[in-house]
Amino acid sequence: DPANSSGLSLQSKGYQIIVQQDGKRFESFVYQSQTNFEKPEQQSDRNHWTTFEFSGSITITVTKLDGDWRDATLYPLRHELQVQQTGARTVSFTISKPCKLMLESAVAAEDPLFIFADALAESIPNKKSKNAIVFAAGKVHNIGLQYKVPAGSTVVIEGGAVVWGTLFCEEGEGVTTITGKGIITTRSDERKPGAPNIPFSTIYSGKTDIVTTGITITDPVHFCIIGRGKVETRNVKLFAWYHQTDGWGGGDNSFIEDSFIKVFDDNVKLYYRNQRASGLVIYQQHNGAPFQLSWGGQMANHCVAEDIDIIKCWVNKQGGIGNSAVLNARHGSTKDIQDVTIRNLRADQGIYQLIGIGNDKDNAISGLRLEDISVKGSQQQASYLINSGKGSVANVLLREVKINGKCFAAEHILLDQVSPDQLKISCDD
């Protein structure tokens, strides 16, 4: 079974979920993926998740199959959902709107459970269209690496389908769509790190515009979703275990919204013009930034990330220049980076660094804004603005940034060859 060989078990050994509405009970299937990364201490041992659609109000009961619950908490905290312990091994809670949740407990930190409660689908793809490629529910489909998808096709991965392989979107006319409630996975031991292997990403597109909706990606050999054309992404769930298994990246005018990301490198790459990320729930693992601006040659211009929840930060590193700040530029760029805004962001369990800009090139990084940021917990290491090349770092604004209710202050950030006049901090206690 190629799915099982990747560590994807078709049924969780840790959890069972029952959904109740109007006196009716339904079991929602729970998947499980186990890491085989060589440094398991840098991440959880397993992921468990379930996905379903609903409307109205529902009650969710979670049974822990391998031990008792203790102090279970639902994230993001902003939903203010109350967890009731209804038995030694059962907890329940009620929701009345779509949301992406993590149920975590001190006794199950290595086994987080993710509950993706989606809205009812507004439209159903035409599976009988001549351009449709359908992977049916209830089967494992072994398509291999770099399965070619003709431009203009619609790939439908039905809920309950598991596709083993990667999708290579060919060049041509029309928009290519990948949609459904199913899963795309690969064996992690076939991973292909390094820039020449980017086309082995789970969903890859060169210049062709693509739309991705609904699907779950786990255990990728490289990035999850990457394209150089316009990439429109809605309501996807992205899991990854290895270095260089980034989450999402697109070309000019691309966007990702209403999605969940738990990967082991950069979650979102804001590398081009007019990009937008909104309504994201991020579980930050040991490697990578929630939002990365450059690795040496990119050009983030007029980009915005807003309405973001960072539900966990599993980063434990030494301070200084790195790649794990909420807004990060690991290197400068051969092109100017300007006008990037992160706003309305909440971090429920601390952050590693708020901002980390290391400009070691000859061009300018300017017009960075972090606004309305609320962090529960600590900033583990000081933020930094460093200019070690011949370029500049200028016009950086932090407005209403608070850590545990206290305003972020100048002493929380290191300036190296950056004038203090270029950093403006505005905040009311």
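Which strands each supply at least two residues of the lining of the largest pocket? In this predicted model, the contributors are strand 10 (99-104), strand 11 (113-119), strand 14 (154-157), strand 16 (176-180), strand 19 (210-213), strand 25 (255-262), strand 27 (276-284) and strand 29 (301-313). The volume of the largest pocket is about 1000 Å³. Its lining comprises 40 residues. Closest to the centre of the largest pocket are Ala121, Lys181, Thr213, Gly214 and Asn235. By class, 13 residues of this lining are nonpolar, 14 are polar and 13 are charged.

The second largest pocket holds about 360 Å³ of space. It is lined by 17 residues. Phe223, Gln244, Asp246, Lys269 and Trp295 are the closest of these to its centre. The lining of the second largest pocket divides into 6 nonpolar, 6 polar and 5 charged residues.

Attention then turned to Asn359. This residue belongs to strand 32 (residues 353-359). Asn359 has a relative accessible area of 0%, so it is classed as buried, the cut-off being under 20%. The side chain of Asn359 makes a polar contact of 3.4 Å with the side chain of Asn387. Beyond its neighbours within four places in sequence, Asn359 is in contact with Gly332, Ser333 and Ile365, among others. Further contacts of Asn359 include Ile386, Asn387, Ser388, Gly389, Gly391, Ser392 and Val393.

How values were computed. Residues numbered from 1 in each chain as written. Predicted model: local features only at pLDDT ≥ 70, side-chain atom pairs only at ≥ 80, totals over all residues. Heavy atoms only, no water. 1 Å grid on protein atoms, 1.4 Å probe; cavity = no way out; pocket = protein on both sides within 12 Å on 5 of 7 lines; lining within 4 Å. Points joined across faces, edges and corners; volume = space filled by probe spheres on them. Helix = DSSP H or I, 4+ residues; strand = E, 2+ residues; numbered from the N terminus. Nonpolar A, V, L, I, M, F, W, Y, C, P; charged D, E, K, R; others polar. Buried < 20%, exposed > 50% of the residue type's maximum accessible area, 1.4 Å probe, protein only. Polar contact = N/O pair within 3.5 Å; in protein donor to acceptor, adjacent residues only side chain to side chain. Contact = heavy atoms within 4.5 Å.
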